[in-house]
Amino acid sequence: LATALAARTITRNRAWRDNATLAATDVLVVPRSAKLQAGLAIAYHLADDRDAAEPAYRKAIEIWPDYAQMHFNLSQLLLDARREGEALPHLEAAARLAPENPQPWKSLAPLLDQAGRVEAAFDAWSSGIAADPGDVALRLNFGRALVTHGRNDRATEVLGALVADSPASAEGRFASAILLELAGRRTEAVLSYSNLLSDPETPARWRRRIQSRLTELSRSAGP
């Protein structure tokens, strides 16, 4: 008995050398466990082995179709691989199964918008904000999307609430500049956008958009 237990200990010690090996060993013992398949998928994902992570995620979902977190995790892996069309149904499933979690809504809304499902995208943004009212970036993105689709009244409401709640944040200042532009206060809007552009704290991902608005406002001013 002691010899058998010692052999088992040696085998198990090898499995503990890293998370992926441990998870793979456990899956061999209980292959129909969604939790163990999920653990294996996450271990591979964290190790940046996406080719191994994807089938493990899919196996976990096959075993437990209502596994919201695995739908979301798989969607992120697919989005990283620029497979948006495949990611979309998994994000929809994650949002449906865990509506109180803001993360699926945040990823889902822009994807729906890109797919031309504008009303569904607006509903997703609204659901995300309801789940996490403090996410000022999400509120800014919703407001910008509303402007893009010509829903200026609703955009003014959403962005106005953001400015009221967080006027000093970068998101609040960006929202304020958009509101000035919507109100036809071109000179003030240009100043607000320019201040954002000159601020080193302004996120790099915004700079091209801000410069685009400044260029457009300059053209609309005429000679």
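Predicted model: local features only at pLDDT ≥ 70, side-chain atom pairs only at ≥ 80, totals over all residues.
User: Are the rings of Phe122 and Phe142 stacked, edge-to-face or tilted?
Analyst: Their centres sit 5.9 Å apart, with 55 degrees between the planes. Stacked needs under 30 degrees and edge-to-face over 60. At 55 degrees the pair is therefore tilted.

User: How far apart in sequence are the parts that this pair ties together?
Analyst: Phe122 belongs to helix H8 (residues 118-131), while Phe142 belongs to helix H9 (residues 136-148). The pair therefore ties together parts whose separation in sequence is 20 residues.

User: Which helices hold Phe174 and Trp206?
Analyst: These two form a tilted aromatic pair, 5.1 Å centre to centre with 55 degrees between the planes. Both residues are buried. Their parts are 32 residues apart in sequence, with Phe174 in helix H11 and Trp206 in helix H13.

User: What do the buried residues of H6 pack against?
Analyst: H6 covers residues 84-97 and reaches 20 Å from its first C-alpha to its last. Its buried residues include Leu88, Leu91 and Ala95. The buried residues of H6 pack against helix H4 (50-63), helix H5 (68-80) and helix H7 (102-114).

Methods
Residues numbered from 1 in each chain as written. Heavy atoms only, no water. Helix = DSSP H or I, 4+ residues; strand = E, 2+ residues; numbered from the N terminus. Expected span 1.5 Å × (residues − 1). Buried < 20%, exposed > 50% of the residue type's maximum accessible area, 1.4 Å probe, protein only. Contact = heavy atoms within 4.5 Å. Phe/Tyr/Trp six-rings, centres within 6.5 Å; stacked < 30°, edge-to-face > 60°.
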